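Here are my notes on the model shown below.

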Amino acid sequence: MQAWLDSLLALLALPQYGLSTLFVAAFVSATLLPVGSEPFLFGLLKLNPEMFWPAIAVATLGNTLGGAVDWWMGYGAHKVADKYSHSKHHVRVLGWLEKLGPKACLLSWLPLVGDPLCAVAGWLKLPFWPCVAYMAIGKFLRYVTMTVALLYVFPS
């Protein structure tokens, strides 16, 4: 099993698979699974600095599509959640999100709360495409900021 995993990781590390690997990592990291895509992006850019903007675009696209999946999961979970009563805290947070609307998805880049926020946006049935647009803006800004900071801290 370990040999198979090592060969798979070696295959995915090849430059011709770099962007596709980054896309998958960014997509998976936007789901509720605890995976970060920044190390993949940083590693790819350390090996291929000329791919800065294509890598940022691919990471943003993958992470935004993962956020859209979260939205749909929340939308589907709405029927299940309606069966249960909400605490005062939940009602307050839901009221805040309803007031902000799709703009709340700008915060989808935040660790720990960003991915569930996308799911809650779907649960609240906030408009899908505006939510996706705000997710993309927030995630793009996060990737640019984090990558520039990491490349500044670790230049060579």
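1. Overall fold. From the N terminus on, the elements of the protein chain run α-α-α-α-α-α-α. The chain has seven helices and zero strands; helices (H or I, at least four residues) and strands (E, at least two) are DSSP runs, numbered from the N terminus. Of the 156 residues, 38% count as buried, where buried means under 20% relative accessible area, exposed over 50%, and partly exposed in between (1.4 Å probe, protein chains only). Among contacts with a separation of 6 or more, 78% come from residues 24 or more positions apart; contact means heavy atoms within 4.5 Å.

2. Basis of the values. This is a predicted model, in which local features need pLDDT of at least 70 and side-chain atom pairs count only at pLDDT 80 or more, while totals for chains, interfaces and linings use all residues. Residues are numbered from 1 along each chain as its sequence is written, and side-chain values use heavy atoms, with hydrogens and water left out.

3. Helices α2 and α3. Helix α2 (residues 18-30) packs against helix α3 (residues 38-47) at an angle of about 165°, and their axes are 9 Å apart. That makes α2 roughly antiparallel to α3. Axes here are lines fitted to C-alpha atoms, for helices over the stretch in contact, and angles run from 0 to 180 degrees between N-to-C directions. Angles under 35 degrees count as roughly parallel, over 145 as roughly antiparallel, 65 to 115 as roughly perpendicular and the rest as oblique. The crossing of α2 past α3 is left-handed, a term used if the near helix is turned anticlockwise from the far one by less than a right angle, with right-handed used if clockwise. On the α2 side the contact is made by Gly18, Leu19, Thr21, Leu22 and Ala25, and on the α3 side by Phe40, Leu41 and Leu44. By class, the contact of α2 with α3 has six nonpolar, two polar and no charged residues. In this scheme Ala, Val, Leu, Ile, Met, Phe, Trp, Tyr, Cys and Pro count as nonpolar, Asp, Glu, Lys and Arg as charged, and the others, Gly among them, as polar.

4. Helices α3 and α7. The axes of α3 and α7 cross at roughly 55° and come within 10 Å. That makes α3 oblique to α7, and α3 passes α7 in a right-handed crossing. From α3, Glu38, Leu41, Phe42, Leu45 and Lys46 meet Arg142, Tyr143, Met146, Thr147, Leu150 and Leu151 of α7. The residues of this contact divide into seven nonpolar, one polar and three charged.

5. Two residues of that contact. Phenylalanine 42, in helix α3, is in contact with Leu150, Leu151 and Phe154, leaving aside its neighbours within four places in sequence. Its C-alpha atom is separated by 9.5 Å from that of alanine 55, 13 residues apart along the chain. Threonine 147 lies in helix α7 and counts as buried at 4% relative accessibility. Not counting residues up to four places away in sequence, threonine 147 touches Leu41, Leu45, Phe52 and Ile56.

6. Nonpolar cores. Which residues of the largest nonpolar core touch the most other members? Of its 16 residues, these are Trp71, Ala121, Leu124, Cys131 and Met135. Each of α4 (52-81), α5 (88-100), α6 (114-123) and α7 (128-153) supplies at least two residues of this core. A second, separate core of 12 residues includes Leu22, Met51, Ala59 and Val144. A nonpolar core is a set of buried Ala, Val, Leu, Ile, Met, Phe, Trp, Tyr and Cys residues joined through side-chain atoms within 4.5 Å. Leucine 124 is in contact with Leu94, Leu97 and Glu98, leaving aside its neighbours within four places in sequence.

7. Helix α6 and what follows. Eight of the 10 residues of α6 are buried, among them Asp115, Cys118 and Trp123. Lysine 125 lies in the loop between α6 and α7. Its phi is near 60°, a positive value in a residue other than glycine. Lysine 125 is partly exposed, with a relative accessible area of 48%.

8. Tryptophan 109. This residue is found in the loop between α5 and α6 and, at 35% relative accessibility, counts as partly exposed. Tryptophan 109 and glycine 138 are 29 residues apart in sequence and 5.8 Å apart in space, C-alpha to C-alpha. Leaving aside neighbours within four places in sequence, tryptophan 109 is in contact with Gly138, Lys139 and Arg142.
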